[in-house]
Amino acid sequence: MGFFKPEYASEIIKLLKEEEVLKKALKMACTDLIKKIGGDTRKVNFLMEKSVKTSELPKHGTRAIAVLLQDRQKELDLSNQEFAKFCDTFKLSPTELNNIYAGEAFDDSLLAPLSRILGIAKEQLLKVRDGSEESINT
């Protein structure tokens, strides 16, 4: 690794080894699952790809906003019930909150309450919801 300082090179090698171990573990788990249900073990790579895609955090859309809400709840250290009450004080009803968590599209009238709950500008929230490339990083 001639392009990196030795301390960076060793860290990169360590990360690559960890990634390889995780890939092997995922492959073993997927293979075991397919065998258990009597499926075709040739579909292990497909199941691995599907598992990785579903574990990635969404970057855009209602589900991305749901992740931001969950992060905010953790940040405030509130239970589900307490967070629902907190959101309700900002005019986001428990039903509307549950709909967002379910991934349902929401009306623009909820942008202001969500903006206040999350502590971000409405414009940023629109970028996250509508899929702008400049959305906030979580």
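Which residue has its charged end over the ring of Phe106? Select Phe106 and Arg129 together to find out: the charged end of Arg129 sits over that ring, 5.3 Å from its centre. Keep in mind as you click around that this is a predicted model.

**Stop one: Leu92**

Next, pick Leu92. You'll find this residue in the loop that runs between helix 4 (80-89) and helix 5 (94-101). Is Leu92 buried or exposed? Its relative accessibility is 0%, so Leu92 counts as buried. Now show what surrounds it. Setting aside neighbours within four places in sequence, Leu92 is in contact with Ala84, Cys87, Leu97, Ile100, Leu110, Pro113, Leu114 and Ile117.

**Stop two: the largest nonpolar core**

Leu92 also belongs to the largest nonpolar core, which has 20 residues. Select Ile65, Leu69, Leu92, Ile100 and Leu114, the members that touch the most other members. Then colour the helices: helix 3 (62-76), helix 4, helix 5, helix 6 (111-118) and helix 7 (122-130) each supply at least two residues of this core. Which helix gives the largest share? That's helix 3, with 5 residues.

Stay with Leu69 for a moment. Leaving out residues up to four places away in sequence, Leu69 touches Phe83, Leu97, Ile100, Tyr101, Leu114, Ile117 and Leu118.

There's a second, separate core to look at too, made of 5 residues. Select Cys30, Ile34, Val44 and Leu47, which are among its members.

**Stop three: the rings**

How many aromatic pairs does a search of the whole structure find? The search turns up 2. Start with Phe83 and Phe86, a stacked pair whose centres are 5.9 Å apart, with 25° between the planes. Both sit in helix 4, and because they are 3 residues apart there, about one helical turn separates them. Phe83 counts as buried, because its relative accessibility is 1%.

Now move on to Phe86 and Phe90. Their ring centres are 5.0 Å apart and their planes lie at 65°, so this pair is edge-to-face. Phe90 has 23% relative accessibility and therefore counts as partly exposed.

To finish, select Phe83, Phe86 and Phe90 in one go: ring pairs link these residues into a cluster.

Notes: Residues numbered from 1 in each chain as written. Predicted model: local features only at pLDDT ≥ 70, side-chain atom pairs only at ≥ 80, totals over all residues. Heavy atoms only, no water. Helix = DSSP H or I, 4+ residues; strand = E, 2+ residues; numbered from the N terminus. Buried < 20%, exposed > 50% of the residue type's maximum accessible area, 1.4 Å probe, protein only. Contact = heavy atoms within 4.5 Å. Core = buried A, V, L, I, M, F, W, Y, C linked by side-chain atoms within 4.5 Å. Phe/Tyr/Trp six-rings, centres within 6.5 Å; stacked < 30°, edge-to-face > 60°. Lys NZ or Arg CZ within 6 Å of the ring centre and 35° of its normal.
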